[in-house]
Amino acid sequence: MVQDTVAHPHDARPVAGWHYPGRVADLRAWFSTDAACLAYLDWLRWPDGFVCPHCEAGSASIGGSGVYRCRGCRRRVSVTAGTIFDKARVPLTTWFEAVWLFTSSKTGVSATTLHRVLPINSYQTAWTMLGKLRAVLSQSDLEPLTGRVEVDETFIGGVKSGKPGRGAAGKVWVAGAVEITENGWGRARMAVIEDASAASLRGFITANIAPGSTIISDAWKGYPPAMDGYDHEPFNVSASGSPAHESLPAIHRIFSLVKRLLEGTYQGGGSHEHLREYLDEYVFRFNRRHTRNRGLVFMRLLQRALASKPVTYRALVRISRPKATHPTGVHASTRAHPRDAGCPCHRSSLAASSPDLTMTR
């Protein structure tokens with residue numbers, strides 16, 4: 001196993017088959033039991049040895065089932081304590097399969113698919129697992145974009161009718177940015193914004209793009225006031241006669257792929273309340289599209305999961321919606337067949353509909 005070697009999870013160039021499974025067959029061979037999964041999580045969380053999350057002591061006695069007894073504060077600490085796997089009822093083997101599916105697909109995986117292909121008891125459990133994984137993909141701690149950066153905004157939604165363009169009602173505004181490099185497109189950022197005003201655009205730009213970068217945008221009036229500290233190259237799409245997706249191809253491709261993700265993988269089920277998490281998921285996958293092995297992305301996501309705090313189902317639910325109820329009626333098994341002449345209800349219905357009908361024995 002990896003944890004029995006001198007390999008280190010933070011090596012500059014982790015190696016497939018050494019630091020992480022290279023194929024799904026390796027995944028199932030390495031992590032056939034929960035104990036093997038715990039050992040790998042232990043190696044990822046404490047590559048240089050146990051460190052107590054409470055008192056930071058580096059000495060502990062080892063118990064069973066991945067539990068340590070800290071010699072500093074005498075607390076019992078499990079490998080999964082304080083992470084999104086804390087007190088999880090789903091076996092870790094199933095969790096690892098879910099993480100692999102989540103990271104190996106270019107278009108993501110829905111809770112319905114997860115529920116169908118893995119031994120997960122309910123759709124709610126599958127949805128919660130995916131929600132916990134998305135919760136660790138925040139873009140707030142990422143390095144800002146640099147160099148030449150395309151920036152634009154769009155709206156996502158459409159369940160409500162409204163005015164076209166930037167005045168559309170009932171939709172969610174999303175700002176996006178992507179680096180333009182000599183070798184093609186670089187990293188991307190996306191975020192939900194309040195509107196397309198200069199203040200909203202300024203907040204997105206300063207949070208995601210390094211000062212001194214060159215921003216390429218359309219000629220919307222909200223951009224010039226937001227460009228303090230940046231070089232600005234506006235492009236008047238209307239005057240050029242070219243469609244927007246040709247004038248700013250990179251960011252418009254990003255927007256189209258995000259909408260395809262929501263309409264395709266999630267069948268339009270990506271609710272506005274969770275749109276930020278779906279954007280984080282897309283950016284995480286897009287920025288790692290050139291990773292030489294999907295197993296490395298699997299490993300990086302597990303590292304993020306171990307560095308994250310526990311996430312509860314109640315914290316994931318933005319709006320509680322009651323389950324749909326159906327009107328109750330007489331069960332089919334309690335109703336007599338209409339052709340049963342011996343049924344009293346049948347005789348009474350016949351008499352009511354045909355008063356002149358003579359009932360004979």
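**Sheet and cores**

Guide: Strands β4 (residues 148–157) and β7 (residues 214–218) pair in the parallel sense over three bridges. Strands count as paired if DSSP finds at least two bridges between them; helices (H or I, at least four residues) and strands (E, at least two) are DSSP runs, numbered from the N terminus. The model is predicted, so local features need pLDDT of at least 70 and side-chain atom pairs count only at pLDDT 80 or more, while totals for chains, interfaces and linings use all residues. Residues are numbered from 1 along each chain as its sequence is written, and side-chain values use heavy atoms, without hydrogens and water.

Visitor: Which residue in β7 is the bridge partner of Val 149?
Guide: That partner is Ile 215.

Visitor: What is the strand order of the open sheet?
Guide: The order of its five strands is β6-β5-β4-β7-β8, with mixed pairing.

Visitor: And why is one side of β6 and of β8 left without a neighbour in the sheet?
Guide: β6 (184–193) and β8 (231–235) stand at the edges and each has a single partner strand, so one side of each lacks a neighbour.

Visitor: Changing topic, which residues have the most contacts inside the largest nonpolar core?
Guide: They are Tyr 40, Phe 85, Phe 96, Phe 298 and Leu 302, in a core of 52 residues. Such a core is a set of buried Ala, Val, Leu, Ile, Met, Phe, Trp, Tyr and Cys residues joined through side-chain atoms within 4.5 Å, where buried means under 20% relative accessible area (1.4 Å probe, protein chains only).

Visitor: Which element gives the most to this core?
Guide: α11 does, with eight residues.

Methods: Buried < 20%, exposed > 50% of the residue type's maximum accessible area, 1.4 Å probe, protein only.
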